[in-house]
Amino acid sequence: REQWYSHGLMSAFAEEATAHRCGVRTHYIKALEDNHDTFHELFKRRDFLACIIVNQMTTDITQLLDRYAVAWVSLFPQLFLPQSRSVLDNPNLVKLQMDHLISLGHTRIAMLDPVHPKLIAFTAMQRRESYFRIMAEHGLKVEPGWMVFGDGEDDTAEAFVKMFNCSPRPTAIICAGFAVTPLYRVLHSIGLKPGRDVAIVANDDLPFLESMNPPVTSVSNSPATAAAMAFEMLENILTNRPCEHGQYIPLDLIERATSCPPKADN
């Protein structure tokens, strides 16, 4: 996940581990590499009793955990897994953003494409599908340049330049929190003001979004809540108690100054 969220999640894991009187160790494994041997070396040490997997991209890891009889929970899995073992991204995130923008009167809504061209990630594909479905349900046209992928600050800035080279231009943008800084830079370079000429709703309420000028409307998706839910599910598995199916991270729209109606002359 985004660096800020991962940092917040690791801090939340540490707090939950302290509350549960257990130790926690973290391992980072790159998603685009073949990690089968890495998993084997890690799990055959048998020096831990349980595992929380974040952003799981392959079933190899859970198959090995089962083989070594290690209890596991998958947090934000990017593939289909038993829901009794998974704490999931809320599928209503894009709907919350879109409903807010449409209620303000926007019909030209763009979205920074969440789907990485080299990664098949369920959550990202679900968000993209939600955007197109909701636009279609409201009879709204999606211009080809309104859905562009960007990875890294410069690449993301180029994606926003492509969006605003479209005719007509979008009047509202949905994007990841990390993308707001390059978005502001691009808007200022073409003489547009966030919150006046373009409405913005970000995913995840990054700490710096509230202090930007203007402050950014975003969706709160708490790392502390995610960690608490994962630990509770893991504890239920370890004690053979039933786990609730389909546990989704609760969301809250935080409205700030980038919530604005479309300008009449746009």
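Modeller: A salt bridge is a side-chain nitrogen of Lys or Arg within 4 Å of a carboxyl oxygen of Asp or Glu. This is a predicted model, and Glu 129, Arg 133 and Glu 137 are linked in a network of such bridges.

Biologist: What makes the contact of Glu 129 with Arg 133 a salt bridge?

Modeller: The closest N and O atoms of Glu 129 and Arg 133 are 3.2 Å apart. The cut-off is 4 Å, so the pair qualifies. In the structure as a whole there are 10 salt bridges.

Biologist: Where do Glu 129 and Arg 133 lie?

Modeller: Both belong to helix H5 (residues 122-137) and are four residues apart, about one turn of the helix.

Biologist: Why is Glu 129 called partly exposed?

Modeller: Its relative accessible area is 40%.

Biologist: Is Glu 143 buried or exposed, and what is Lys 141?

Modeller: Glu 143 has a relative accessible area of 15%; buried means under 20%, so Glu 143 is buried. Lys 141 stands at 58%; exposed means over 50%, so Lys 141 is exposed.

Biologist: What makes Arg 196 and Asp 197 a salt bridge?

Modeller: The closest N and O atoms of Arg 196 and Asp 197 are 2.7 Å apart, and the criterion is within 4 Å, so they form one. Arg 196 is partly exposed at 42% relative accessibility. Asp 197 has a relative accessible area of 6% and is buried.

Biologist: Which residues form the negative surface patch?

Modeller: The patch is formed by Asp 151, Asp 154, Asp 155 and Glu 158.

Biologist: Why is strand S6 described as largely enclosed?

Modeller: Five of the five residues of S6 (residues 172-176) are buried, so the rest of the structure largely encloses this strand.

Biologist: How do you know that S6 pairs with strand S4?

Modeller: Three bridges join S4 (residues 109-113) to S6, and the two run parallel. Pairing needs at least two bridges, so S4 and S6 pair. Met 111 has Ile 174 as its bridge partner in S6.

Biologist: What pairs S6 with strand S7?

Modeller: Five bridges, in the parallel sense, pair S6 with S7 (residues 199-203). In S7, Ala 199 is the bridge partner of Ala 172.

Biologist: How many bridges join S7 to strand S8?

Modeller: Two bridges join S7 to S8 (residues 217-220), and the strands run parallel. The requirement is at least two, so S7 and S8 still count as paired. Val 201 has Thr 217 as its partner in S8. Strand S10 (residues 252-254) is joined to S8 by three bridges and runs antiparallel to S8.

Biologist: What makes strands S1 and S9 edge strands?

Modeller: Four strands form an open sheet with parallel pairing, in the order S1-S2-S3-S9. Strand S1 (50-54) and strand S9 (247-248) each pair on one side only. Five bridges join S1 to strand S2 (residues 71-75).

Biologist: Which peptide bond involving Pro 168 is cis?

Modeller: The bond that joins Ser 167 and Pro 168 is cis, with omega about 5 degrees. Pro 168 lies in the loop between H6 and S6. The peptide bond from Asn 213 to Pro 214 is also cis, omega being near 0 degrees.

How values were computed: Residues numbered from 1 in each chain as written. Predicted model: local features only at pLDDT ≥ 70, side-chain atom pairs only at ≥ 80, totals over all residues. Heavy atoms only, no water. Patch = residues over 30% accessible without salt bridge, like charges linked within 9 Å, V, L, I, M, F, W, Y side chains within 5 Å. Areas by Shrake-Rupley, 256 points an atom, 1.4 Å probe, with all protein chains shown as cover. Lys, Arg positive; Asp, Glu negative; His and termini not counted. Charge placed at Lys NZ, Arg CZ, Asp CG, Glu CD. Buried < 20%, exposed > 50% of the residue type's maximum accessible area, 1.4 Å probe, protein only.
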